[in-house]
Every structure is written in C-alpha cells, then in structure tokens.
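Please read it alongside the sequence and the structure shown here.

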Amino acid sequence: MRSRTQSEKRMRAWISASQRLHLAMAGELAVDLGTANTRVYAVGRGVVLNEPSVIAFNKSQGRVVAVGRQAKMMIGREPSSIRVVCPLRDGVIADFDAAEKMLSHFIRRARTKRAILGPRVLLCVPSKISHVAHRAVEDAAYLAGASQVSFVAEPFAAAVGVGLDVWAAHAAMIVNVGGGTVNIAVLSLGGLIHTSTLRVGGTEIDEAIAQYLHQERGLAVGKQTAEAIKHWLGSADCEADGCMFEVGGQSLTTRLPSRVEVSSAEVQAAIEPLVQKIMRSVRESLEELPPEVAADLIESGMVLTGGGAQLLGLTERLGRESGLEVRLAANPECAVVVGAGLLLRPDVPVPELLPEAKLPAPDVLAPDLGFAEAPNNSSSSGLLAAPHA
Ligand SMILES: Nc1ncnc2c1ncn2[C@@H]1O[C@H](COP(=O)(O)OP(=O)(O)OP(=O)(O)O)[C@@H](O)[C@H]1O
Ligand SMILES: [Mg+2]
C-alpha cells in the first residue's frame, strides 16, 4: 500500500516536472487578436506586445513589408506597389491569409529566444462567434506556430483582467468598447449570464467623423486623421467643451490640399447617433436581466474596458443613462489580454469558450499584473481606476 502511494507520488512529480519542462520549452501566450489592435501577454513577463492589427504586403511578390505600427502609418499613404490590410472586421477574421501572417509575426516577436517548441496559446474571442469564424482564428493560430490553442470569451477575460471576482455569487457587468464591436456581458459564478454584441466600435465612429467632414465641410480626410480628430475632439457627452482642431485633407471643391477648423460640438453631433446606439444596446441588455441580477448590479455597477471606452464623457453618459455606477478600467485597452494571461497560469486548466465548469479557483488571481510594456498608463496594473462620480 505504502509503496503504491510512493510510486503515485513519484509519477505525479514526474508528470508535473515534464509539464513544467514542456512549458519552459514552449512558453505560454495569451493573445487578444482585435479589430484595431493585437496584444500579447507572456506568462511571467506581462504584456509584451501591443500593436495595431495591420499588415502591409509588396503586391508583386506578396512579401510582408511591414506589420503593426509601421504598417498602420502606411494606411492612406501607400504607393501602388504596396497593399495595406486590416485583416479583422467586426472582431472576426476577414482576410485569413493576412491574419495568419500577421499573427505569425506577432507570436514570433512575443516568444522568448529560449522557447524551442511552439507556444501554448490562449486566444480571446468574442462571446458570440460563428463556427466558421472560430475555426478561422484557430487555424490561423496553428499556422502561426502555436502548439496548442484554446479559447476564452473576451468579456470573461476582461472581467478577470480588471480584478472582478468572476466566481462570486454576485453579478458584475462588463462593457468592452473595441475598434469593431461593443461587447456587453453580465457574469456571475464563473459564467456569462448575458452577452450581446453591437457591431459599432471606434472604427465606425472614425468613419462617421470622416463622412461629416465630407458632407458638411467639403473636406476629404484619411482614416488616421479621422481617428486623431476623435481622440482630440470626440465626446459622448452633450456638454462637450468648445475646443477647436485644425484638420488637413483634400478640398472637394478645388481638389487641392486644404485645412478647416472643426469644433468639438460638430464632432459630438456627428458621432451622437452611434453613441445613442451604444446607450440603447446597454439599456436593452439591462432590461433583459433577471431581477436578482439587476439588484446585484445596483451594488457592483458596470466596468468599461476596450480602447473606445476612453471616449471622453462615455463613462459619465452611461452612468446617467443606466442609473448604475460606471467605472473605467485603469488600463482599458489591455484588460482582455491581462485577464487571459492570468488564466494561463501553470497547473490551471485552460478555460473553454464559455468557461463555466473548468475554471481555476479564485486564488489564481493573485495580482501578477506587471506590464512589460505599458501602453498608456505606466503606473496602472490593469485593475480598476477610481470610480467616476
Ligand atoms: N482616447 C480615446 N478616445 C476615443 N477612442 C479611443 C481612445 N483611445 C483609443 N480609442 C479607440 O479605441 C479603439 C481600439 O480599441 P481596442 O484596441 O480595444 O479595439 P480592439 O480590441 O482591436 O477591437 P475589437 O475588440 O472590437 O475587436 C480604436 O478605435 C481607437 O481609436
Ligand atoms: Mg478587443
């Protein structure tokens, strides 16, 4: 009996040692392949990559000439010999070949030189994803060099990333405003109670600004200029201040390079229909919740994640329109990938797409939130910012 126990112990130790050896040789990465940006978290190193989801090819040979930030700089400025591609649309892969090449590049950059085998990759995917879209992202990850691929729903990862206790018998709400989608989710007891996805995100807001300038001010502007206007003047709040911004583009009347002054009120009016769509979608989600869950949210409120959540006034407006306390995550852009990274710890079973039963116990959420590269807020840990009034 005693010798059997000892051999079991030895066997377990051997399995655990071989698993550790495999992980040391392969490495583990959490990947948030977003419409606008891709982020990679390496276990033990934190967020090691945060780059635009853009890739540029040489048209004649199909050779990759730039990826990420460099490729984004080329949008609207590329010569006829170069094709710049944003491989994702509305949160899913739209150009498989480009997505696979971009992911391969990012995975190669994120891996340590010591890793011999392909990494174990945890991919963050939208909570509602078609079978085809799911297969596309899985295939792209394997072709990009992953040795094992598993999935986690983005809102779940975001909730873990901002430090919410997703295993508690108390509901919490996450609204992730990304480049291509707005994901609304309510979680409790390690599962998703409600999710809804709105195909409106930062990119569509940029397009609304460009369209306004085209129609009302007779100026054609590029995608990057429209995004810059949003960052400078965009607001989700009617009480936007009176800032002005000089915008460069091409006059539609003279066809010559031209500049116009644009006010924050104009930009706010141009994006208001999209802001209203977001408000409506959040309200509809709240209306569908069971009473017990609604009661929980009065206490726990709503947490905003995703780059688009930083739109000026969005937190306050959502607070006013929902009646809940709304907080913006301290590092909203990285919440998803940090959460997925926390779920990727040694000896923890990888959660499934809708990660009900196989989740690790809450103690795996020890705050290993160090950022190798902090994109916006170098002091932030990925946990919540101070609540807004
Ligand atoms: N300060 C800001 N104000 C408004 N929008 C912002 C700000 N900072 C970033 N954004 C917007 O956030 C969007 C990118 O967010 P994020 O990186 O979370 O998207 P994503 O994860 O790539 O997209 P998705 O989750 O929809 O696939 C871009 O549209 C960007 O313009
Ligand atoms: Mg995202």
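Helices and strands are DSSP runs numbered from the N terminus, a helix being a run of H or I with at least four residues and a strand a run of E with at least two. With these terms, Arg-255 is found in the loop between β15 (244-251) and β16 (257-263). This is a predicted model, in which local features need pLDDT of at least 70 and side-chain atom pairs count only at pLDDT 80 or more, while totals for chains, interfaces and linings use all residues. Residues are numbered from 1 along each chain as its sequence is written, and chains are lettered from A and ligands numbered from 1 in the order in which they are written.

**The chain as a whole**

The secondary structure of the chain comes to eleven helices and 18 strands. A residue is called buried if 20 or more other C-beta atoms lie within 10 Å of its own, exposed if 12 or fewer do, and partly exposed in between, with the C-beta atoms placed from the backbone. By this count, 46% of the 389 residues of the chain are buried. Two residues are in contact if their C-beta atoms, placed from the backbone, lie within 7 Å. Among the contacts in the chain with a separation of 6 or more, 68% are accounted for by residues 24 or more positions apart.

**Helix pairs**

| Helix pair | Axes come within | Crossing angle |
|---|---|---|
| α3 (residues 96-110) and α4 (residues 131-143) | 8 Å | roughly 45° |
| α8 (residues 264-287) and α10 (residues 314-322) | 10 Å | roughly 40° |
| α6 and α8 | 9 Å | roughly 130° |

Angles under 35 degrees count as roughly parallel, over 145 as roughly antiparallel, 65 to 115 as roughly perpendicular and the rest as oblique. At its angle, the pair α3 and α4 is therefore oblique, and α6 and α8 are likewise oblique to each other. A crossing is left-handed if the near helix is turned anticlockwise from the far one by less than a right angle, and right-handed if clockwise.

The crossing of α3 and α4 is right-handed. Here Phe-96, Ala-99, Glu-100 and Leu-103 of α3 meet Ala-136, Ala-140, Ala-141 and Leu-143 of α4. These residues divide into seven nonpolar, no polar and one charged, where Ala, Val, Leu, Ile, Met, Phe, Trp, Tyr, Cys and Pro count as nonpolar, Asp, Glu, Lys and Arg as charged, and the others, Gly among them, as polar.

For α6 and α8 the crossing is also right-handed. The meeting residues are Glu-204, Ile-205, Ala-208, Ile-209 and Tyr-212 in α6, with Glu-266, Val-267, Ala-270, Ile-271 and Leu-274 in α8. They divide into eight nonpolar, no polar and two charged.

Helix α8 also passes α10 in a right-handed crossing. That contact is made by Met-279, Val-282, Arg-283 and Leu-286 of α8 together with Arg-317, Leu-318, Glu-321 and Ser-322 of α10, a set that holds four nonpolar residues, one polar and three charged.

**The shell around ligand 1**

A residue is near a molecule if its C-beta atom, placed from the backbone, lies within 6 Å of it. In that sense 22 residues surround ligand 1, the closest being Gly-34, Ala-36, Gly-178, Gly-202 and Gly-307. The shell around ligand 1 divides into two nonpolar, 17 polar and three charged residues. Helices α6 (202-217) and α7 (223-233) each supply at least two residues of this shell, and α7 gives the most, with three residues.

**Individual residues**

Leu-342 is found in helix α11 (residues 335-343) and is buried, because 24 C-beta neighbours lie inside 10 Å. The C-alpha atoms of Leu-342 and Tyr-41 are separated by 9.1 Å, although the two residues are 301 residues apart along the chain.

Gln-211 lies in helix α6 and is partly exposed, with 13 other C-beta atoms within 10 Å.

Arg-255 has a positive phi of about 65° although it is not a glycine, and with 9 C-beta neighbours inside 10 Å it counts as exposed. Asp-90, also not a glycine, has a positive phi of about 50°. Asp-90 lies in the loop between β7 (88-89) and β8 (92-93) and counts as partly exposed, with 19 C-beta neighbours inside 10 Å.

Methods: Axes fitted to C-alpha atoms, helices over the stretch in contact; angles between N-to-C directions.
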